[in-house]
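This report describes the fold of one protein chain. Look at the sequence and the model first, then read on.

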Amino acid sequence: MHELNEQAIIRTQKKAQLEAMGINPYPAFVHPINAKAATILAHYKEADKANYSHVVLAGRIMSRRIIGAASFVELQDASGRIQLYVQRDTISPGEDKSHYNTFFKKLLDIGDIIEVQGFVFTTQVGAIAVHVTHLRLLTKTLTPLPVVKEVTTQEGTTVHDAFTDPEQRYRQRYVDLIVNPEVRKVFEQRAKLIHTMKASLHRQGYLEVETPILQPIYGGASARPFTTHHHALDIRLYLRISNELYLKRLIIGGYEGVYEFAKDFRNEGMSRFHNPEFTQVELYVAYKDYLWMMDYVEELVEEVALALHGTTKVPFGSHLINFKRPWKRFTMFEAIHHFTGYDVSDMDEAALRTVAHQFGIHIADNLAKGKIIDEIFGEKCEPYLIQPTIITDYPVEMSPLAKRHRDNPALTERFEVICAGKEICNAFSELNDPIDQQQRLEEQRTLGERGDEEAMVVDHDFLKALRYGMPPTVGIGIGIDRLTMIMTNSNSIQDVLFFPQMRPEHP
RNA sequence: GAUCUCGUAGCUCAGCUGGUAGAGCAUCUCCCUUUUAAGGAGAGGGUCCUGGGUUCGAGUCCCAGCGGGAUCACCA
């Protein structure tokens, strides 16, 4: 603990003073709370005063205005803020005025958590407030909160002294949550988004499952893993980069629809779109193909937008994104042709390198044909796709787990949804031919030997499972963090994660 | 990993061409029984991120480091 500043020393003394007065600064018992700040403000009318004659609230003191023998306090609970009117002669009715003069005025501070009982009334300036009859301390705070003030005028709300330093906001998220109510709102929206998706998946009759995070072989995606060690077995384990191969094993086992909201871990760069651990929902449905999945993901995401915003139109930065079905659909080659004028569908590796070079795209020597196409798409198409767009039919080289396209074996039955210039999900008709799968993974091994650090590794146990037969299946992974960013108009992934990864403060 | 940029009171920030550190809010003392950035009078509070250097003198200029942010690269 660093040295205490003046304000913290004073608060520590106040705690001791409370104890000396026989007041427990951290009591256990709380009276039954029967009201919330926002509910009172939304529903209170002078006419039904009687229903508000005995309210009990608890929350944090956010500001105090002491006007001699009466005071106004702003109390914040999970729902919002309400004013308290604290009158000396009400809370200290007898001769002894110390409950007001000493306890309330001297020993309470901004940030302290209190419980109040009282009745609701309307002040002379027309504001709804709780006239406090009883006031108790529930928790004394020793560190002062940043004091953020809001003033609401006809032009709108101005915030003074806002707590805005991103470093402090992320490192001390609890403070951020206390003083920046709109931050709490983002995480409530995130929870609602997940809940809406789970409700839909449940209605479809799919099974929510859990699969290993510690995996002996990392698979199902292309990325560098985090590595760890299990002492008892003396084996190397990896934190999963994906759960795809485990969910497919469950489809082989006979479930016809499984999903998992999964934390995945990728040991790669960090940016406003990347955190080392992130959340995806992966869903696998037997006896369906990628065309069916396109329809379902449109329905699912549209439902999320409606649940969060009451409309399919969602503001994001300077854009208004409309999730109304159906979305635009392009094949990858169509998209490249549309944005660059080049038809790359029949080009060989050398020709593709020439095209990439013309656009000033740097292509590493070890990249194969599929990756070059992906680079061109990522550079010349993806950033321009703002409205949700389904991109289909990716080259087979870059999709080692996807089934070959029914009309063209050089392509796969794969699609991604691009929105706000970023991929938000990835889906394909799953490859279920064990021999083809084995060959494709072996090609990945060759790429790895060429120096591609993200090439997939061969999972022999998964290949063994496939030989028992996986029905025709479609799978999808939806990036929950990125979808939340769009749905909450957040510019950085750090704003939709409670505790984003940070460098340790004291190395 | 590269480039740019920031780090001053509990919070938000000012501090010019180098000259002993400033404001508002918060804190402390006093006044005030319907205020709302309440008001009035007064007071205290600083390792100017850290370490070097230049200088008679560094918050300010230079170098290195630590931490943050933005952009780029890799990726979802």
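## Basis of the description

This is a predicted model, in which local features need pLDDT of at least 70, side-chain atom pairs count only at pLDDT 80 or more, and totals for chains, interfaces and linings use all residues. Residues are numbered from 1 along each chain as its sequence is written, chains are lettered from A and ligands numbered from 1 in the order in which they are written, and side-chain values use heavy atoms, with hydrogens and water left out.

## Chain A as a whole

Chain A contains 15 helices and 20 strands; helices (H or I, at least four residues) and strands (E, at least two) are DSSP runs, numbered from the N terminus. Along the principal axes, its C-alpha atoms fill a box of roughly 95 × 55 × 50 Å.

Of the 507 residues, 48% are buried. Buried means under 20% relative accessible area, exposed over 50%, and partly exposed in between, with a 1.4 Å probe and protein chains only. Among contacts (heavy atoms within 4.5 Å) with a separation of 6 or more, 64% are between residues 24 or more positions apart.

Two strands pair if DSSP finds at least two bridges between them.

Strand S1 (residues 55-67) and strand S4 (residues 113-122) run antiparallel and are joined by 6 bridges. In S4, Glu115 is the bridge partner of Ala58.

## The open sheet and a hairpin

A sheet of 8 strands is open and runs S8-S12-S13-S20-S19-S18-S17-S16, again with mixed pairing. Strand S8 (207-208) and strand S16 (328-331) are at the edges; each has a single partner strand, so one side of each is left without a neighbour in the sheet. Strands S17 (residues 389-392) and S18 (residues 414-419) pair in the antiparallel sense over 4 bridges, and Thr389 stands opposite Ile418 in S18. Helix H10 (residues 332-340) lies across S16 and S17, at about 95° to S16.

Strands S10 (residues 227-230) and S11 (residues 235-239) pair in the antiparallel sense over 4 bridges, and Thr228 has Leu237 in S11 as its bridge partner. The hairpin of S10 and S11 has 4 residues between the strands, and Asp234 takes a positive phi near 50° there.

## Helices H7 and H9

Helix H7 (residues 181-203) packs against helix H9 (residues 290-309) at an angle of about 140°, with the axes 9 Å apart. Axes are lines fitted to C-alpha atoms, for helices over the stretch in contact, and angles run from 0 to 180 degrees between N-to-C directions. The two helices, H7 and H9, are therefore oblique to each other: angles under 35 degrees count as roughly parallel, over 145 as roughly antiparallel, 65 to 115 as roughly perpendicular and the rest as oblique.

The H7 residues in this contact include Leu193 and Met197, and those of H9 include Leu300 and Val304. The residues of the contact of H7 with H9 divide into 8 nonpolar, 4 polar and 3 charged. Ala, Val, Leu, Ile, Met, Phe, Trp, Tyr, Cys and Pro count as nonpolar, Asp, Glu, Lys and Arg as charged, and the others, Gly among them, as polar.

Lys14 is in helix H1 (residues 6-20) and counts as buried, at 13% relative accessibility. Leaving out residues up to four places away in sequence, Lys14 touches Lys106, Leu107, Leu108, Asp109 and Lys140.

Asn24 is in the loop between H1 and helix H2 (37-43). At 44% relative accessibility, Asn24 counts as partly exposed. The C-alpha atoms of Asn24 and Leu137 are separated by 8.0 Å, with the two residues 113 residues apart along the chain.
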